[in-house]
Amino acid sequence: MTIDVAVVGAGISGLTAAYRLRQRLGPDSRIDVYEAGERMGGILKTVDAGGAGVDSAGVDVGAEAFIVRRPEALGLVTELGLADRMVSPTGRRPGLWVCGGLHDMPRPALMGIPATPDAVADLVDPADLARMAAEPERPLDWVPGTDASVGDLVADRFGPTVVSRSVDPMLGGVYSSLAADIGLREALPALAARLDAGATSLTAAVRALLDNPTASGPVFGTLVGGYRVLVDALADAARPDVRFSTAVTDIRRDGGRWALFTGDRPAAADATYDGVVLAAPAWATGHMLRHAASTVASALLAVEQAKSVVVSITLAPHTALPDNSGVLVATGEDLRAKAFTLSSRKWAHLGESGAPVSVRASFGRYGQPIPDEDRQPGINGRLREWAMADLDRVCVAAGIEPVAGHVVDTVVQRWTLPRYAPGHLAVMAVAEEALPAGLVLAGNAVRGVGVPACIGQAGRSVERLVAELGT
């Protein structure tokens, strides 16, 4: 007996799920992938900016790296025969834009949370330095099992300028949110676990984690050729029937199977399945489930959106850049960009002599979205202008000539992440358990926004579905 499964969403989560389904169900099972857009990859997108070749210098304008200290992405890349394409960063460190100038990132620190006052001595207000120094002696009012925002906890223990000038810049690039909008258990579960276990202060908890790292070596990796190499390999291995420009809007029981609809019509003539992997954004999935699982739908529809924009900038070969992997911008600065990735400095394969020079500028976050062209015509042009004006300021501060006159190409790419508010993971865990048999959740709203987390969740969802279907 063959099994028919639908996967809704052709991003990294959906394609990984399709691949794992093919492995578990065999070559004869029907695996259909429904994608609302016109391409695979979701928020992963690789472009040939400035005419760069596919194999030599594809530039990612969505996510551009993955954590290699987690096993999921590295394992999948190796499994698909792509290990020879994986590369590590050059070793250059990001800079920090604070008080109108360039500074080194605080060290030692845990995602921007400093382990000592000396780490941020030239960055934060004197009153906050004194607060940090005295923090180990202050009683810590922490109830095990509770959740707080990263920003609220650090501001209370270390002071607000530690948050705005060190923690916000680090977390903002990962979650497109300020630290006060992100849950501690969601972003830093190991730190929450230390506090649960009885750490006497935030300082003690941070130092314990930094003194006892769980892994060594490079933290991040990427693929030569960009993420499309992984997307294409997954599609080739999974061999699904991908149905583009098909936005699933409803899922309903049809006898003992699940029927997919677009509006009030079946999504396809044969759109009934034994099981469905839901790998679309949380708010889209919530809309789909309003009849099949109304409680789960409400939880997903309540997930807020954190929207951001990347302006990928291609500069002429040999254009000089600061000697950093990137520049993170503190909260409250007068730069419009929230971060720059100096890709040709960060990745050796993008910095080869004679190659176009690549930079990414990032804008927008939760609560501060950037409108699109439909709402504000001409905004893309202004984003390009802001990116170049801010990048020139950074270059001048680093002693480099302005680069605006060397632009070869720009690409504007929008993407949206779920806000990982305090308590988000607990809500998602309840939602998973409340789904009817035959429906499972994947995607970046379930157990983490990063590529490794999405790959891991896709695998778990497939194992759950296969068990429910009794195969």
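Student: Which side chain makes a polar contact with the side chain of Glu-135?

Tutor: The partner is Arg-157, whose side chain lies 2.7 Å from that of Glu-135 in a polar contact. Please keep in mind that this is a predicted model.

Student: What backbone atom does the Glu-135 side chain reach?

Tutor: The side chain of Glu-135 reaches the backbone nitrogen of Leu-202, at 2.8 Å.

Student: Where is Glu-135 placed?

Tutor: Glu-135 sits in the loop that runs between helix H4 (126–134) and helix H5 (150–158).

Student: And is Glu-135 buried or exposed?

Tutor: Glu-135 is buried, because its relative accessible area is 0%, and buried means under 20%.

Student: Which residues does Glu-135 touch?

Tutor: Leaving out residues up to four places away in sequence, Glu-135 touches Arg-157, Phe-158, Ser-201, Leu-202 and Thr-203.

Student: New topic: how many residues are in the largest nonpolar core?

Tutor: The largest nonpolar core has 43 residues, and Leu-21, Leu-230 and Val-277 have the most contacts inside it. Several elements each supply at least two residues of this core, among them strand E1 (4–8), helix H1 (12–25), helix H10 (228–238) and helix H16 (451–469).

Student: What does Leu-21 touch, then?

Tutor: Not counting residues up to four places away in sequence, Leu-21 touches Val-5, Val-7, Gly-26, Ile-31, Val-277, Val-462 and Leu-465.

Student: What about the second core?

Tutor: That core is separate and has 40 residues, including Leu-123, Trp-142, Tyr-175 and Leu-184.

Student: How many disulfides does the structure hold?

Tutor: The structure holds zero disulfides.

Student: Is Cys-99 buried or exposed? And Cys-395, buried or exposed?

Tutor: Cys-99 is exposed, because its relative accessible area is 56%. Cys-395 is buried, with a relative accessible area of 0%.

Student: Now the whole chain. How many helices and strands does it have?

Tutor: The secondary structure of the protein chain comes to 16 helices and 23 strands.

Student: Why is the chain called as compact as a globular protein of that length?

Tutor: Its radius of gyration is 23 Å, close to the 23 Å that the globule rule gives for 471 residues, so the chain is as compact as a globular protein of that length. The C-alpha trace spans about 70 × 55 × 45 Å along its principal axes.

Student: What share of the residues is buried?

Tutor: Buried residues make up 55% of the 471 residues.

Key. Residues are numbered from 1 along each chain as its sequence is written. This is a predicted model: local features need pLDDT of at least 70, side-chain atom pairs count only at pLDDT 80 or more; totals for chains, interfaces and linings use all residues. Side-chain values use heavy atoms; hydrogens and water are left out. A disulfide is a pair of cysteine sulfur atoms within 2.5 Å. Buried means under 20% relative accessible area, exposed over 50%, partly exposed in between (1.4 Å probe, protein chains only). A nonpolar core is a set of buried Ala, Val, Leu, Ile, Met, Phe, Trp, Tyr and Cys residues joined through side-chain atoms within 4.5 Å. Helices (H or I, at least four residues) and strands (E, at least two) are DSSP runs, numbered from the N terminus. Contact means heavy atoms within 4.5 Å. A polar contact is a pair of N or O atoms within 3.5 Å; within protein, one must be able to donate a hydrogen and the other to accept it, and residues adjacent in sequence count only if both atoms are side-chain atoms. The radius of gyration is taken over C-alpha atoms; the globule rule is 2.2 Å times the number of residues to the power 0.38.
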